[in-house]
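Reader: I am new to this structure. Could you take me through how its chains meet?

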Amino acid sequence: MLRNARLFAVLVLSLFMATLSLSVAARAADFAASLEKFAADDFTETAAAVDDIAISGSPNAQKVLEALGNARLFFDPQTKKVYIGETDNSYSDAATGAKVATPPAGLQTVRVNNRLRRNIDMAIGTLTLLSPDAGRRQQAADSIFKSRDAATLPALENALKAEKNAAIARTFTEARAAILLSQPDTPRADMLSAVSVLRGRADIGAIAALRSIPDKADADVKAAANDAVAAIESRLKLISYVQNVWYGLSLGSVLLLAAIGLAITFGVMGVINMAHGEMVMIGAYTTFVVQDLIRTRAPNLFDWSLPIALPLAFLVTGLIGVIIERGIIRFLYGRPLETLLATWGVSLILQQAVRTIFGPNNREVGAPSYMSGAFDFYGLAITWGRMWIIVFTLVVFLTLLAALKWTALGLHMRAVTQNRRMASSMGIRTPWVDALTFGLGSGLAGIAGVALSQIDNVSPNLGQSYIIDSFMVVVFGGVGNLWGTLVSAFALGIANKFLEPLAGAVLAKIFILVLLILFIQKRPRGLFALKGRAVEA
Amino acid sequence: MSSIKIGRRGLLAGIIGGAMMMSAALPAFAQETIKVGILHSLSGTMAISETTLKDVMLMLIDEQNKKGGLLGKKLEAVVVDPASNWPLFAEKARELIAQQKVAAVFGCWTSVSRKSVLPVFKELNNILFYPVQYEGEESERNVFYTGAAPNQQAIPAVDYLMSKDGGEVKRWVLAGTDYVYPRTTNKILEAYLKAKGIADADIMINYTPFGQSDWQTIVSDIKKFGSAGKKTAVVSTINGDANVPFYKELANQGIKATDIPVVAFSVGEEELVGVDTSNLVGHLAAWNYFESVKSPINDEFIAKWQAFTKNPKRVTNDPMEAHVIGFNMWVKAVEKVGTTDPDKVIDALPGIEAPNLTGGISKMLPNHHITKPVMIGEIRKDGQFDVVWKTKDLVPGDAWSDYLDGSKDLEADWVGKKCGNFNTKTNKCGS
Amino acid sequence: MITKYIVSRLDGMGLMFLAVMAVVAVFVPLSNLLLPPTSAFHVPTYLMALIGKYLCYAILAVSLDLVWGYCGILSLGHGAFFALGGYAMGMYLMRQIGTRGVYANPILPDFMVFLNWKELPWFWYGFDMFPFALLMVFLAPGLLAFVFGWLAFRSRVTGVYLSIITQALTYALLLAFFRNDMGFGGNNGLTDFKDILGFNVQAQGTRATLFFLTALSLILAYLLSRWMVTTSFGKIIVAIRDAESRTRFLGFRVEHFKLLVFTVSAAMAGLAGALYVPQVGIINPSEFSPANSIEAVIWVAVGGRGTLVGAAVGAILVNFLKTVFTSGFLAPYWLFLLGAIFVIVTLAVPKGIIGTLNGYYERWRGEDGEARWHRKSADDTTAATSNETGAGAKIHG
């Protein structure tokens with residue numbers, strides 16, 4: 001690669017400056033010839049073709065490379081001709097760009113591997129440095145920063161001169177610095193200024209670039225680089241604490257989401273619902289069904305799948321909850337240990353039922369665009385999915401609090417749980433309230449399932465993995481106290497995330513459990529225990 | 001008083017009598033057919049993987065019967081459900097052999113299930129075909145291992161990543177679920193990598209509990225580890241269920257296969273059915289079979305399988321292929337000796353050859369492992385794999401790893417030495 | 001004299017149970033060893049192993065019934081004590097393998113050799129001696145139960161809270177034993193046993209003896225439990241179950257009584273585990289899984305909580321159904337059935353099989369004082385528990 005660097009660089013440069021000496025016809029012939037290499041179905045040949053196409057200067061080059069990267073480039077084994085599969089399912093001839101009405105039968109995809117994918121990214125990066133689209137230029141800059149490919153330097157410097165957007169220009173500068181640092185023959189002064197540029201970037205990528213300094217670089221350059229690495233690392237260390245808190249909040253929000261329904265059924269009603277986890281699972285399966293229907297019927301609505309699934313999951317699981325309450329639990333009030341056994345039985349039945357209906361395998365639930373990817377927040381890498389789950393959890397929590405406080409059902413629920421007989425004699429239909437309360441708890445589990453489908457397996461075993469944790473959260477927080485549940489979920493989440501780097505994921509979990517057991521001895525009624533006469537029977 | 005007594009006695013008698021009746025009534029059918037035991041979990045946590053293997057066995061037996069059965073008799077599948085419960089595996093194995101008098105058993109997925117049925121197979125002298133890649137360090141007379149040993153999966157995968165095509169990886173994350181298979185595989189890989197000159201500082205080992213669903217910290221650690229300026233790869237022995245959240249977190253934190261490739265040993269076509277693979281393109285898996293391999297025998301198999309399951313989207317995977325090979329080998333061995341007597345079949349099996357589904361001929365070795373091609377596949381958008389590398393020849397399975405202190409001198413040879421742990425230093429079996 | 005004393009402690013159901021168990025204990029091993037396989041009365045080894053396993057579960061169920069049925073402590077972690085006893089026995093059996101392991105290491109078990117352990121961890125010392133191992137079978141679960149119970153009962157953790165932390169206990173142990181670094185063989189557990197006290201564990205004679213010992217242990221466990229619950233001590237623990245605060249106000253040190261029952265029960269569960277391991281041939285962390293412990297609770301509920309005999313019968317019955325429903329065409333429906341048993345028993349047969357039969361029996365005999373007392377205490381339980389949970393229900397928000 002590097003051996004050809006100069007040639008490559010010159011050619012790329014010349015392409016962009018439109019000072020080509022080759023004739024258009026000759027280039028077209030070269031381009032067609034290099035395309036033919038794709039038909040060899042051999043990685044080495046494909047790699048050669050990528051290199052050739054990158055310097056061919058053909059207006060079609062970028063399109064071909066992108067198609068290759070996205071597995072939309074095909075070849076006909078008979079004629080050795082290469083076609084591009086367009087996004088609208090039509091085909092065009094890769095050599096000419098002309099549409100092909102009926103593509104030949106037996107087209108095969110041109111296969112790529114990771115090495116090729118890197119080459120393609122690099123080539124496209126170089127080709128799109130001057131793209132009118134700012135997003136693409138940023139991407140190109142990022143990919144060059146990662147690859148530190150010296151061959152792109154001339155093109156990069158050229159692009160840097162033309163760049164108007166300050167943010168992109170900075171990335172270009174950083175990419176340039178990274179390349180300069182990795183070259184042994186860079187002058188010392190340039191090296192030092194590159195170090196300071198990267199020190200300013202101050203992230204993991206900068207460390208990687210700073211560590212790539214060749215061994216024969218000057219001692220003071222090395223020292224400066226080491227210094228910069230140390231500075232960045234200490235900054236990153238600080239960030240990592242914040243990051244741990246964030247991870248803890250995120251884990252806590254998952255725990256809270258899984259436990260919040262339980263806080264209603266167990267905390268408020270005193271019913272131990274071991275089938276709670278299965279409600280979460282059914283909520284996740286509802287999401288799967290919704291997405292499946294959307295995929296086949298209305299693919300453009302895919303981003304709406306979660307908002308559509310939420311009320312559905314709430315209704316489905318809420319209804320199942322009401323059925324369980326009317327069919328089983330109402331006969332068992334006042335016998336909490338028996339409800340535990342009965343609902344455990346229900347959970348086994350639901351699990352195996354789902355396994356029978358949907359099969360034992362995981363089901364695919366995709367992430368809508370706003371749930372995927374990450375963004376950078378003052379050095380913190382925050383994934384969108386996790387962030388929305390935290391926001392969602394808090395919204396659910398506050399809505400629930402408000403509903404309990406200000407709606408008629410909430411008032412009735414509180415009345416019934418505080419004094420059933422009194423409530424009944426005030427004209428509240430207590431059985432009805434019981435059923436609705438249990439339905440509410442189950443429905444909350446269902447919407448938790450929608451959110452959890454984004455980060456976990458959607459399989460019949462989904463619920464089991466949350467049930468014990470959920471009980472711990474509710475018991476730790478203090479039964480009957482929603483705020484306690486909130487605090488305990490976040491406390492457990494953050495504690496877990498700080499223990500994990502110290503002790504490893506397995507021991508961290510064991511420690512948390514042991515601490516919980518000991519804590520319960522100290523405060524048998526949880527963190528925020530209810531006080532007063534009502535507690536001791 | 002007396003009326004109750006009768007009621008109670010009736011109950012107890014019924015329990016024992018019922019069990020006895022079951023045991024007495026069932027062997028009555030055994031005269032007409034040759035019974036084949038299928039010991040895969042159909043409920044519980046392992047049903048996710050094992051149900052498919054039960055189906056493939058039913059298909060194979062069905063086909064064999066269409067061809068006229070075996071030794072002039074029809075084959076009869078005896079399906080039991082050990083319900084992902086390890087002691088129940090032992091109980092069901094005993095039931096299959098002692099009560100149902102099966103000629104051979106095809107089953108188990110996890111190592112612990114195999115370990116729990118082992119004593120039963122040894123005591124009652126029957127044959128188990130075990131179809132899943134495992135940690136090795138075992139060679140038993142009654143077990144035939146048709147899945148990959150570590151040298152048929154882990155080591156070639158690492159070799160590939162060290163090669164130019166694989167990206168010349170210099171830094172390694174060995175991430176696994178905390179149980180015996182990942183522990184052993186990682187021990188072997190660690191020794192192998194060190195033998196290849198990789199420094200301690202360039203190897204990161206991480207274990208997580210079963211069903212780990214929160215991967216934020218670990219993925220960000222991997223990201224950090226990968227930023228040292230050397231090409232980094234992750235070797236994942238993460239157990240089935242934990243993979244989906246792991247891959248989701250990788251995708252969310254923006255780790256692409258071109259940055260830090262992940263090569264997995266427990267992720268195949270079946271596992272990917274539940275994942276949105278568009279962000280995973282390029283991550284790798286090492287297996288001895290991929291559904292995407294083009295060969296006439298594989299095309300035929302896939303067509304038959306999809307017809308049998310009446311599901312045109314049903315995928316195939318590596319352990320299924322292992323059962324296909326194992327079953328065909330067993331059929332050939334039985335035909336060769338003209339009986340299903342376990343002792344004779346066990347002696348006949350080494351040396352038997354059967355075509356694998358990727359176009360080669362696999363052979364049963366004297367150490368009860370088989371020869372297999374090793375392939376590296378990259379995940380495609382459609383949840384299938386592109387084979388990017390393949391061994392030229394079939395690799396013979398090695399029961400005892402050459403990279404572990406305890407086992408490097410051991411050798412399994414059930415033909416010449418008649419033992420599974422022959423020590424080449426002391427020239428003795430066992431010590 | 002002793003016989004008379006024992007008989008005086010038993011009811012009709014108990015006598016019946018003991019008689020059946022004595023017959024089983026003697027008949028099954030003898031028929032397996034002496035009768036030819038062609039005989040109609042021959043019990044095949046397969047069946048003997050199966051019944052032996054059921055009987056181990058029955059001991060576990062009796063131990064659970066002792067704490068749940070008589071003392072009101074619903075332990076959702078009794079599987080942990082069972083497994084600890086099993087591990088103690090398993091460690092002894094591992095040490096007996098000696099140089100017959102695949103790596104022929106005289107000291108280290110196989111799983112340690114291939115994971116490059118250099119020396120035996122300290123907690124494995126002594127397990128090569130049977131008396132020590134036997135002691136640990138009782139001591140390990142007993143001690144854990146003692147410490148756990150001492151903490152929990154002293155701070156008056158009761159009812160549902162106790163159930164949930166016992167579940168947390170077994171879950172934590174499950175995770176811990178899964179870890180390979182703990183030195184208990186990780187997920188695979190301990191297996192490939194050869195000898196017990198010099199006898200081959202797979203030999204028919206050894207199996208028959210183990211079966212006899214298991215049946216004998218069940219009888220002894222039953223007698224011990226029966227003795228505990230029929231003495232004045234038993235009256236107090238029933239009083240604790242029915243009205244804990246009242247008993248405390250009467251001047252009894254409630255936590256001491258609970259602690260004793262809990263510890264004895266745990267040791268009994270440990271014995272069950274120890275007998276289970278050589279017969280099944282493997283012990284691994286899945287025995288710690290919370291689902292197993294909950295399943296044990298349902299055995300007791302099916303047979304009849306607070307009847308002891310019922311617990312044993314329930315364990316045998318449910319496990320027999322499990323055997324039947326996990327074979328052949330019924331195979332995928334086992335979980336449906338198990339789930340249905342949970343629901344139906346709690347809803348329709350809350351007293352369990354034996355409890356219901358006892359009810360009929362007493363009605364047939366005419367209600368004597370004893371029966372009325374039983375009924376009344378049952379009503380008290382309901383009232384007491386409903387008070388406690390009703391109180392916890394209050395919304396703060």
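Author: The contact between chain C and chain A (heavy atoms within 4.5 Å) takes 56 residues from chain C and 57 residues from chain A. This is a predicted model, in which local features need pLDDT of at least 70 and side-chain atom pairs count only at pLDDT 80 or more, while totals for chains, interfaces and linings use all residues. Residues are numbered from 1 along each chain as its sequence is written, chains are lettered from A and ligands numbered from 1 in the order in which they are written, and side-chain values use heavy atoms, with hydrogens and water left out.

Reader: How much area do chain C and chain A bury between them?

Author: The size of an interface is often given as the accessible area lost when the parts come together. Buried area here is that loss, taken with a 1.4 Å probe and summed over both parts. For chain C and chain A, 74% of it lies on carbon and sulfur atoms, and the total is about 5,100 Å².

Reader: Which helix gives the most to the side of chain C that touches chain A?

Author: Helices are DSSP runs of H or I with at least four residues, and strands are runs of E with at least two, numbered from the N terminus. Helices H6 (130–154), H7 (159–178), H12 (290–303), H14 (334–348) and H16 (369–392) of chain C each supply at least two residues of that side. With 12 residues, the one that gives the most is H7(C).

Reader: How many salt bridges are there between chain C and chain A?

Author: A salt bridge needs a side-chain nitrogen of Lys or Arg within 4 Å of a carboxyl oxygen of Asp or Glu. Between chain C and chain A, the count of salt bridges is 0.

Reader: What is the count across the interface of chain B and chain A?

Author: In this interface, 54 residues of chain B are in contact with 51 residues of chain A. One salt bridge joins A:Arg386 to B:Glu249, with the closest N and O atoms 3.1 Å apart. Across the interface of chain B and chain A, the number of salt bridges found is 6.

Reader: Which element supplies the largest share of the side of chain B that touches chain A?

Author: Elements of chain B that each supply at least two residues of this side include helix H2 (47–66), strand S7 (203–208) and helix H8 (240–252). The largest share is 7 residues, and it comes from H8(B).

Key
Buried area = accessible area lost by both parts, 1.4 Å probe.
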